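Q: Here is a structure to go through by question and answer. Each label gets tested against its criterion.

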Amino acid sequence: MALIRKNGSMRRLTISQARRIALHAQGFADAVPKGRIDARHFRRVVRRTGVVQLDSVNVLARAHYMPFFSRLGPYRQDALDRWLWRSGEMFEYWAHAASLVPTRHRPLFVHRMRTAAQWNSVERLHAEQPGFIEAVMEEVRKRGPVTSSDLGTSERRTDPWWGWKPEKHALEWLFFNGSLTAADRVNFAKTYDLPERVHAPEILAAEAPQEDTARKMLLLLSARSHGIGTVHDLADYYRIRARDARPVLDQAVRDGVLEEVEVDSWEGPVYLHPSAVTPRSVVGASLLSPFDPLVWYRDRTERLFGFHYRIEIYVPAPQRQYGYYVLPFLLDGDLVGRVDLKADRKRNVLMVRGSFADDGHDPTKIAPALAAELRSMAEWLELVDIEVEKLGNLASLLRKHVQ
């Protein structure tokens, strides 16, 4: 793509344009499907996001379920599970933290497997129990798919080892360096197996690019999923150091693969992907997981939306500003509020523990749209009732619309 300039100067975009580009790139300008949602729709989401982050917190729904709900509406979680873990189309690795990525992208992460620095806990395990990791590897080779609880009887857990027993450390190290891969997750417990028993032969036989080439390819994938972004935005997506990303992105501009633009109030170079689209408007409502790629890089969220967002799971309860598991609310192309949610499965209730409209946004517009989205979420989670607690400047109005 040739650089597009006006009167010899760099193209300048408004925040509104950048926001709409980002929302389109992430799939929020796509029409919500009507009728049964299946693998075709799941693929569409992954084509947009490129990465689906995993996280063990289950106060509402597992993190990897939420980006699909946010973009597609209610769907059957068991259908997504079958596609993610049994279709062979997705691959688990450390892409953006623990993540799922398309299996065809596995070669782009082989350089990380080959250069994986040994963890202190693994060095300690080698010293304290020589041959233990090799024995775990041999056990998987003989037995087939295993979870950490399937191996051994060791119950020893220590704080410096994150509470993991040695078998778990060994399995995770072998997973990290590519000797093992994730074959499945059942109730979120990871099952480990040999790559050759999980992935198609052509995937494992594919030539893995050198680190610099892989880095370039990952940054271009990141740029496509962002639509527009700074060095730090694009580098964070696949956890590449910004100092390594900057020269790659600048070269991509010189090669005409990306366009450098300016965005009002943004500092430093900004990169625009050639596939970027600027819709006239983005209409619709979505609740976003704290681990949704639209908002997981908090600095970008603030630059794009003027929305200050931090996850407060690890903040002591008296010091939390909004709550434990707080989801931003996206309405008609803007982040307008947030809700602290919990699925009380014993009582079949979706609990709204706190509900807040952000400054400058009309609560009378937010409340009915949010209530509708909460009803959709409750249906999706198979919860019967919604309870709106008193905390937050939106609570009383939201309660009226939920009832």
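A: The model is a predicted one. Start with a lining: α3 (66-72), β12 and α14 (363-380) each supply at least two residues to that of the second largest pocket.

Q: Which element gives the most to the lining of the second largest pocket?
A: α3 does, with 4 residues. The lining has 23 residues in total. V32, S70, G284, A285 and S286 lie nearest the centre of this pocket. Its volume is about 320 Å³.

Q: What makes the lining of the second largest pocket nonpolar, polar or charged, by class?
A: The count is 12 nonpolar, 7 polar and 4 charged residues. Gly counts as polar and Ala as nonpolar.

Q: What are the volume of the largest pocket and the make-up of its lining?
A: The largest pocket has about 610 Å³. Of its 26 lining residues, L54, D55, W94, A97 and A98 are the closest to the centre. By class the lining holds 14 nonpolar, 3 polar and 9 charged residues. Asp counts as charged, so D55 falls in the charged class.

Q: Which elements each supply at least two residues of that lining?
A: β5 (90-95), β6 (97-102) and α8 (166-176) do.

Q: How do you know that β5 and β6 are paired?
A: DSSP must find at least two bridges between two strands. There are 6 bridges between β5 and β6, so the two strands pair. They run antiparallel. W94 stands opposite A98 in β6.

Q: Why are β4 and β5 called edge strands?
A: The order of this open sheet of 3 strands is β4-β6-β5, with antiparallel pairing. β4 (52-53) and β5 each pair on one side only.

Q: What makes β12 a partner of β13?
A: The two are joined by 3 bridges. The cut-off is at least two, so β12 and β13 pair. Their run is antiparallel, and β13 covers residues 326-331. One of the bridge pairs is A285 with L331.

Q: Where does β12 sit in its sheet?
A: β12 (285-287) and β16 (385-388) are the edge strands, each pairing on one side only. From one strand to the next, the twist averages 30°. Helix α15 (residues 395-402) packs on this sheet and touches β15 (349-357) and β16. The direction of α15 makes about 160° with that of β16.

Q: Why is α6 called roughly perpendicular to α7?
A: Helix α6 (residues 120-128) and helix α7 (residues 132-143) pack at about 95°. The class runs from 65 to 115 degrees, so α6 is roughly perpendicular to α7. Their axes are 8 Å apart. V122, L125 and H126 in α6 meet F132, I133 and E134 in α7. By class that contact has 4 nonpolar, 1 polar and 1 charged residues.

Q: What makes α10 roughly perpendicular to α12?
A: Helix α10 (residues 211-226) and helix α12 (residues 242-254) cross at roughly 75°. That value also lies in the range 65 to 115, so the label holds. The axes come within 10 Å. R215, K216, L219 and L220 in α10 meet D244, A245, V248, L249 and A252 in α12. The contact has 6 nonpolar, no polar and 3 charged residues.

Conventions: Residues are numbered from 1 along each chain as its sequence is written. This is a predicted model: local features need pLDDT of at least 70, side-chain atom pairs count only at pLDDT 80 or more; totals for chains, interfaces and linings use all residues. Side-chain values use heavy atoms; hydrogens and water are left out. Axes are lines fitted to C-alpha atoms, for helices over the stretch in contact, and angles run from 0 to 180 degrees between N-to-C directions. Angles under 35 degrees count as roughly parallel, over 145 as roughly antiparallel, 65 to 115 as roughly perpendicular and the rest as oblique. Contact means heavy atoms within 4.5 Å. On a 1 Å grid over the protein atoms alone, a cavity is a set of points where a 1.4 Å probe fits but cannot get out, and a pocket is an open set with protein on both sides within 12 Å along at least five of seven lines; lining residues have an atom within 4 Å of a point. Grid points are joined across faces, edges and corners, and a volume is the space filled by probe spheres set on the points.
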